[in-house]
Amino acid sequence: MIVLSVMLKVKQGKEKVLEDGVTAMIRKVHLEKGTIAYTLHRHQNDPTRYMLYEKYKDKAAFDHHMATDYLQTLLRCFDETLEAEPVIEMFEEVASI
């Protein structure tokens, strides 16, 4: 399994734009067969910091997600809402419950 952690720093006042954009995309990502989890988290102490947690069955599922039109739409949303480049880390799942 492939797991991604994507840290996002949003421009102040753009939080709702980001949340709405990701929420709209999650409805579509939910239909991807190889996507296991796709969750947006807001930092408890800084409402301009977010984390996307993504989990894919395999590299093919991840590659499929990356090629979708709706992801490209979200990335354009990031251009206007993010204060800094996303920090993306990719992991391989070792153990879970």
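1. Serine 5 sits in strand S1; strands here are DSSP runs of E of at least two residues, helices are runs of H or I of at least four, and both are numbered from the N terminus. The model is a predicted one, in which local features need pLDDT of at least 70 and side-chain atom pairs count only at pLDDT 80 or more, while totals for chains, interfaces and linings use all residues. Residues are numbered from 1 along each chain as its sequence is written, and side-chain values use heavy atoms, with hydrogens and water left out.

2. Is serine 5 buried or exposed? Serine 5 has a relative accessible area of 14%, so it counts as buried (under 20% relative accessible area is buried, over 50% exposed, and in between partly exposed, with a 1.4 Å probe and protein chains only). Neighbours within four places in sequence aside, serine 5 is in contact (heavy atoms within 4.5 Å) with Met51, Leu52, Val87, Ile88, Glu89 and Phe91.

3. Leucine 8 touches Leu18, Thr48, Arg49, Tyr50, Leu52, Phe78, Leu82 and Pro86, with residues up to four places away in sequence not counted. Leu8 is also, along with Leu18 and Tyr38, among the residues that touch the most other members of the largest nonpolar core, which has 21 residues. A nonpolar core is a set of buried Ala, Val, Leu, Ile, Met, Phe, Trp, Tyr and Cys residues joined through side-chain atoms within 4.5 Å. Two or more residues of this core come from each of S1, H1, S3, H2 and H3. H3 gives the most, with five residues. As general background, nonpolar side chains tend to be buried together in soluble globular proteins.

4. Helix H2 spans residues 59–66, and Ala61, Phe62 and His65 are buried in this helix. These residues lie on the same side of H2 because they cover an arc of only 100° around the axis, the arc being that of the directions from the helix axis to the C-beta atoms. An α-helix has 3.6 residues a turn, so residues three or four places apart point the same way. The cover over the buried residues of H2 includes strand S1 (2–9), helix H1 (15–29), strand S2 (35–42), strand S3 (49–56), H3 and strand S4 (87–92).

5. Histidine 65 belongs to helix H2 and is buried, at 0% relative accessibility. Which residues does histidine 65 touch, not counting those up to four places away in sequence? They are Met25, Val29, Glu32, Tyr38, Glu54, Tyr56 and Leu71. With Tyr56 there is also a polar contact: the side chains of histidine 65 and tyrosine 56 are joined at 3.4 Å. A polar contact is a pair of N or O atoms within 3.5 Å; within protein, one must be able to donate a hydrogen and the other to accept it, and residues adjacent in sequence count only if both atoms are side-chain atoms. Tyrosine 50, 15 residues from histidine 65 along the chain, is 20 Å away between C-alpha atoms.

6. Aspartate 58 is in the loop between S3 and H2. Its relative accessibility is 29%, so aspartate 58 counts as partly exposed. At the start of H2, a side-chain oxygen of aspartate 58 comes within 3.3 Å of the backbone nitrogen of alanine 60. Lysine 28 is 30 residues from aspartate 58 in sequence, and the C-alpha to C-alpha distance is 19 Å.

7. Helix H3 covers residues 69–81 and includes threonine 81. Threonine 81 is buried, with a relative accessible area of 0%. Its contacts, leaving out residues up to four places away in sequence, are Val10, Lys11, Lys14, Val17 and Leu18.

8. Aspartate 69 is also placed in helix H3, but is exposed at 64% relative accessibility. Arginine 76 is found in H3 and is exposed at 52%.

9. The largest pocket holds about 180 Å³ of space. On a 1 Å grid over the protein atoms alone, a pocket is an open set of points where a 1.4 Å probe fits, with protein on both sides within 12 Å along at least five of seven lines; lining residues have an atom within 4 Å of a point. Grid points are joined across faces, edges and corners, and the volume is the space filled by probe spheres set on them. Of the 14 lining residues, Val6, Glu54, Met66, Leu75 and Ile88 lie nearest the centre of the pocket. At least two lining residues come from each of S1, S3, H2 and H3, and H3 has the largest share, four residues.
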